[in-house]
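Let's walk through its cavities, ligands and aromatic rings together.

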Amino acid sequence: MPRILPKVLQNLFRKPFTVKYPYVKRELPKGYRGRPAIDREKCIRCWLCIRACPDRAISIDRGTKTPSIWLGRCTFCGECAEVCPTKAIIMTEEFEYTTLYNVT
Ligand code: SF4
Ligand code: SF4
């Protein structure tokens with residue numbers, strides 16, 4: 001016991017490694033990929049994003065005839081944003097989306 005006492009005291013007064021999320025938020029690292037977002041005005045309906053998506057998370061919205069992303073399948077790889085010729089899809093820094101289901 002006496003041998004571990006210095007370590008116990010050291011840890012007792014050390015700044016914690018964790019943060020009190022969601023009250024305290026960490027700064028996101030550069031290049032962080034959150035959920036994808038679609039700007040429908042920029043979409044030219046080339047469907048390259050659908051072909052590029054490895055998870056088959058993108059489908060065509062019947063109403064708007066533009067891509068719709070199923071977040072339940074999306075793994076935030078960023079391939080769709082990479083191939084989009086008009087930059088209609090961007091990877092946001094948003095990761096708190098428990099109430100979202102699809103990006104339409
Ligand atoms: S980020 Fe990746 S998994 Fe998600 S919709 Fe785009 S291509 Fe598909
Ligand atoms: S790749 Fe871009 S422009 Fe083409 S359908 Fe997808 S979002 Fe629209």
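Q: Which cavity is the space taken by ligand 2?
A: This is a predicted model, in which local features need pLDDT of at least 70 and side-chain atom pairs count only at pLDDT 80 or more, while totals for chains, interfaces and linings use all residues. Residues are numbered from 1 along each chain as its sequence is written, chains are lettered from A and ligands numbered from 1 in the order written, and side-chain values use heavy atoms, without hydrogens and water. A cavity is a set of points, on a 1 Å grid over the protein atoms alone, where a 1.4 Å probe fits but cannot get out; lining residues have an atom within 4 Å of a point. A molecule sits in one if more than half of its atoms lie within 2 Å of its grid points, and the space taken by ligand 2 is the largest cavity.

Q: Which residues that line the largest cavity are the closest to its centre?
A: The largest cavity has a volume of about 90 Å³, a volume being the space filled by probe spheres set on the points, which are joined across faces, edges and corners. Of the 14 residues in its lining, the closest to the centre are C43, C46, C49, P67 and C84.

Q: Which residues come nearest to ligand 1?
A: Ligand 1 takes up the second largest cavity, with a volume of about 80 Å³. A residue is near a molecule if one of its heavy atoms lies within 4 Å of it. Of the 13 residues around ligand 1, the nearest are C53, D55, C74, C77 and C80.

Q: Is the pair of Y21 and F95 stacked, edge-to-face or tilted?
A: Rings of Phe, Tyr and Trp (its six-membered ring) pair if their centres lie within 6.5 Å; planes under 30 degrees apart count as stacked, over 60 as edge-to-face and the rest as tilted. The centres of Y21 and F95 are 6.4 Å apart and their planes stand at 35 degrees, so the pair is tilted.

Q: What kind of pair do Y32 and F95 make?
A: Their ring centres lie 6.1 Å apart. The planes are at 75 degrees, so this pair is edge-to-face.

Q: Is F95 buried, exposed or partly exposed?
A: Buried means under 20% relative accessible area, exposed over 50%, and partly exposed in between (1.4 Å probe, protein chains only). F95 belongs to one aromatic cluster with Y21 and Y32. At 35% relative accessibility, F95 counts as partly exposed.

Conventions. 1 Å grid on protein atoms, 1.4 Å probe; cavity = no way out; pocket = protein on both sides within 12 Å on 5 of 7 lines; lining within 4 Å.
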